[in-house]
Structures are given as C-alpha cells and as structure tokens.
Amino acid sequence: MAETVSITDNRTGKTVEIPIQDGAVDAKEWAKLMPGTWFLDPGFSVTASTESKITELQGGEGILRYRGYPIEQLAEKSSFLEVAYLLLFGELPTADQHSTWVDDVTNHTFIHENMRKRFYEGFNHDAHPMGMLVSAMAALSTFYPEAKEIDDPENRYRQINRLISKGPTLASMAYRASIGMPFVYPDNSLSYTENFLSMMWRVAEPTYEPDPVLSRALDTLLILHADHEQNCSTTAMRVIGSAHADPFVSAAGAAAALYGPRHGGANEAVIHMLRDIGSYENIPAFIEKVKAGEGRLMGFGHRVYKAYDPRAAIVKKHADEVLKITGQNPLLDIALKLEEIALNDEYFKSRNLYPNVDFYTGVIYQAMKFPMNMYTVLFAIGRMPGWLSHWQESLEAGSRISRPRQAYTGPAERNYVPVNER
Ligand code: CMC
C-alpha cells in the first residue's frame, strides 16, 4: 500500500500526491496546489510545527522517550544533569563527558550581585516567584550581551550552562525574598539538586545536609519534567528563538507560557482544588460540577495523552516514598479517591481524561514543604534543558522565522468616520 495521500482541488481538478513521512505530510507540497489557501488549525491540534529528534511521545499508548530512552528507565537510573546532557547532545555522556558537563554547569551557579541587591529587592514582598523568575531570566540577558552570538556553538554552550545552572539560584532567591530570609549562596560541593535544597532551606547550619531520599525524589521529578516535545512553553521558546533573540529572553518567554494554569500552573491549581474539596464526601458533588461545565478537574486531561500519562504513574509511585519520610499528606488520600472516581466515570472515560504529570506532583512538593507558589518554578527548573535542546535543534537546523498565516474574518474595507459623526 502506497504511503501517500492524494489531494484534489475541486475548483481546478488538479491533484497532488504527497508522501507520508514520519507520520506527517509536507504542507509545502500541499500549498503548491492551493496557493493563498491556508491551513486553519487554531491551537495547532493537527499541525507538526517542526521535525525533531529529541522526544518521542505516543499519547495513545502513554509512551514517552527522551532520545529513544523510555522515561521509566531514565527516572529510575539516571540523574537530572545526565538527562539534560542526553536531551541537548543526543547521547548519554561517557564518564569523562559527564564529569566535564557537571563541572561546566556547576561553575555558573552564582549570579551577579546587582541582581540580588537591586533587581530582587525591587519586587513587592508578596511577588509571585514565577513572575520574579520570568523577569530575572530576561534580566540576565543584559548581563551576558555575548549571548546574542547564537551562531557560535561555544558561546551557545556557555549560555546553556548558565541557564541550567542559574535556574535553582534564581528560584531560591525568589523564595527567600518572598519570606524575608537572607539569600543562601550556592554550595558547589553539593550536587545540582542538593545545592538547590540547600539554597532553599539552609538557615544557620554551616553546611546543609539534605535527606538523600528527598533529594533523589526531587531529581527524579526534574527528570520527568525535562522535556515534553512541542508543548506550549517549548513552542514559545522555538518561536522566540526563531527570531534569533538570545536564549535568556527566549527562556523568559517560555517560562511565561509555563506560568499559565493550563500548562505549568496546573500543579498549583491541583492543590487549591484538593483543598477546596476538603474531604471524601465532597468528591461526588465536585465531579458533578465539573461534568456540568463548572470548572475542570485540574491535573486531568492532556492534548496528546489519551492514556495514563507515564509521568503521573512514576510520580504516584514516588509519593509513597516521600511521605514515609515527611509524614502523611491528607491531600494524597483525596487525590487517590478523586482519581478512582473519575477513572470510573463515563464523562472522563469517554473523553480519555487521565491524570497528567501535575496531578500528584503538588502533593509531593507540599510534603517537602515547598510553598504552593514555587511549584511552577520547580517545573521551570526541570523544563530548562528541554527548552534549550529545542532552541539549539532549531538553530542548528537553520529554521525559518515562525510566522503563521491567518484566516481573516474581520470587516471588509470601510472609511474612517470622525468621532463626532459616530
Ligand atoms: N476536566 C474536565 N473536563 C475536561 C478536562 C478536565 N481537566 N480536560 C478536558 N476536558 C474535556 C473538555 O471539556 C472537552 O469536553 P467536550 O468535548 O465535551 O467539550 C474535552 O474534554 C476535550 O478538552 P479540550 O479542552 O478540547 O482539550 P485540550 O487538548 O484543548 O486541553 C488541557 C488540554 C490540558 C488544557 C485540558 O485537559 C485541561 O484544561 N486540563 C486541566 C489543566 C491541566 O491539568 N493542565 C496540565 C497539563 S499537563 C502539564 C503541562 O503540559 O503543562
């Protein structure tokens, strides 16, 4: 059977036959048949915006692979920085490559003092850390003007090191500023995740000793968030990067997209929802409200997954380990019951709505004492290697500037009417 599709323009009778390659048909071939006719696809539901070799997601089967490696294996055996290397450079690092990479990232944990003293101190005491992170990432662009040299691979590598390295520093500074605590400088003798925990929680102790189970669980959560192909924020990163903006402002734009409650803000929304539900008895009434269109079951549903999100399954497994150390979180019981009821309800079944990654992460973050407004920040730290991998892949492929067309539905030409005649 031919792996092609034939399209006929009934106005002209002309036909094109286009090969189906890697599950896609080339829109340029199609466009030749119908110049000036655009493909209307709001929300890009059926548009592949790019070819990519980074992450494979088969939503119907619940499969997620980074560079061919199943997410389950990476979550169990790898580390966040190793996964970051894999995403960025396509292969797992050798021992030497790994140690150079970890050193290169670790060398950039500090940030310019002006950022702390002038920039961070300018925020209101109750500023949301995600808003602070977005602006701080953009502000870093002004400290590294050479980041504009995006065609130079060495330069790109240095900015990639900086962005991955400084994420936890900027994030913890935002948190410390919000609670009026002094900033804790990075401790480069600790691992990536341990250093982040140290900057978050250290008070007067000379060195911070994180619980190994908690730091491993957090590292695993970062792995699970590291990439997810052409999601909203990664698309933002690629679009901004396609204009050849530097990686700091591009990442700030990606982080801004992540901030939204439909995307990375959902983990925070899940906890608000679980708290509002409050107890088992209120679950059926809540489900009925969702079914009546009054709000959504946050942490459920996904544009691509029409099966159980494999990341949610891994997070659920880790929740038990973490809670053994931190003590029980009653919200986990409500979440489990809510999942059970929803998965047996026709509304959710018929729409293939399953828990996504955000459904259980908030429960773990809460048990680890992260304040709710830091959850999306944690997502952003995890997603940084993914954003950068796609940015780099797009530059290396020499992509054109992103510039979609539209189907204009506004008024036809009309003449200006002076204000006193309207
Ligand atoms: N609760 C109740 N109904 C839902 C939900 C939900 N969470 N998600 C989708 N639906 C219904 C929706 O009402 C629609 O029903 P109908 O066909 O009767 O109109 C149908 O399912 C299809 O929904 P959609 O809005 O067309 O789906 P989408 O692909 O545009 O949206 C989504 C995907 C993730 C934005 C959406 O499922 C949602 O809002 N979920 C809750 C927010 C959430 O958990 N977001 C995190 C996503 S995973 C992490 C990330 O990517 O950042």
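Author: Start with E113 and K117. Their side chains meet in a salt bridge, with N to O at 3.8 Å. This comes from a predicted model. Why can the two reach each other along the chain? E113 and K117 are 4 residues apart in helix α5, residues 113-119, so about one helical turn separates them. Now check the surroundings. E113 is partly exposed, because its relative accessibility is 27%. K117 is partly exposed too, since its relative accessible area is 44%. The cut-offs matter here: buried means under 20%, and exposed means over 50%. The pair is also part of something wider. E113, R116 and K117 are linked in a network of salt bridges.

How many salt bridges does a search of the whole structure find? The search finds 15. Two others are worth a stop.

Go to helix α15, residues 330-343. Here K337 and E340 are 3 residues apart, so they are separated by about one helical turn. Their side chains meet in a salt bridge of 3.6 Å, N to O. K337 counts as partly exposed because its relative accessible area is 27%. E340 is partly exposed as well, at 44%.

The other stop is D26 with K28. These side chains form a salt bridge of 3.9 Å, N to O. What sets the two partners apart in exposure? D26 has a relative accessible area of 35%, so D26 is partly exposed. K28 reaches 59% relative accessibility, and therefore counts as exposed.

Next, turn to the strands. An open sheet of 3 strands runs in the order β1-β2-β3, and the pairing is antiparallel. The edge strands are β1 and β3, each of which pairs on one side only. Strands of a sheet pair through backbone hydrogen bonds, in either a parallel or an antiparallel way.

Take one pair at a time. Strand β1 covers residues 4-9 and strand β2 covers residues 14-21; they are antiparallel over 6 bridges. D9 stands opposite K14 in β2. The two strands form a hairpin, with 4 residues between them. In that turn, G13 has a positive phi of about 80°.

Now the other pair. β2 and strand β3, residues 24-25, are antiparallel over 2 bridges. In β3, A24 is the bridge partner of Q21. V25, also in β3, is the bridge partner of I20. β2 and β3 form a hairpin too, with 2 residues between them. D22 sits in that turn, and its phi is positive, at about 50°.

Most residues other than glycine have a negative phi. One is N352, which is not a glycine but has a positive phi of about 55°. Where is N352? N352 lies in the loop between α16 (346-350) and α17 (358-367). Buried, partly exposed or exposed? N352 is partly exposed, because its relative accessibility is 30%.

The other is K369. Its phi is near 80°, again positive in a residue other than glycine. K369 is in the loop between α17 and α18 (375-396). With a relative accessible area of 59%, K369 is exposed.

Which residues form a positive surface patch? R262, R296, R303 and K306 form one. Such a patch is built from residues that have no salt bridge, so the pairs above belong to a separate topic. Look at R303 in particular. R303 is found in the loop between α13 (283-291) and α14 (310-326). Its relative accessible area is 54%, so R303 is exposed.

Back to the start, then. E113 and K117 meet in a salt bridge, and together with R116 they are linked in a network.

Technical notes:
Residues numbered from 1 in each chain as written. Predicted model: local features only at pLDDT ≥ 70, side-chain atom pairs only at ≥ 80, totals over all residues. Heavy atoms only, no water. Patch = residues over 30% accessible without salt bridge, like charges linked within 9 Å, V, L, I, M, F, W, Y side chains within 5 Å. Areas by Shrake-Rupley, 256 points an atom, 1.4 Å probe, with all protein chains shown as cover. Salt bridge = Lys/Arg side-chain N within 4 Å of Asp/Glu carboxyl O. Lys, Arg positive; Asp, Glu negative; His and termini not counted. Charge placed at Lys NZ, Arg CZ, Asp CG, Glu CD. Buried < 20%, exposed > 50% of the residue type's maximum accessible area, 1.4 Å probe, protein only. Pairing = 2+ DSSP bridges.
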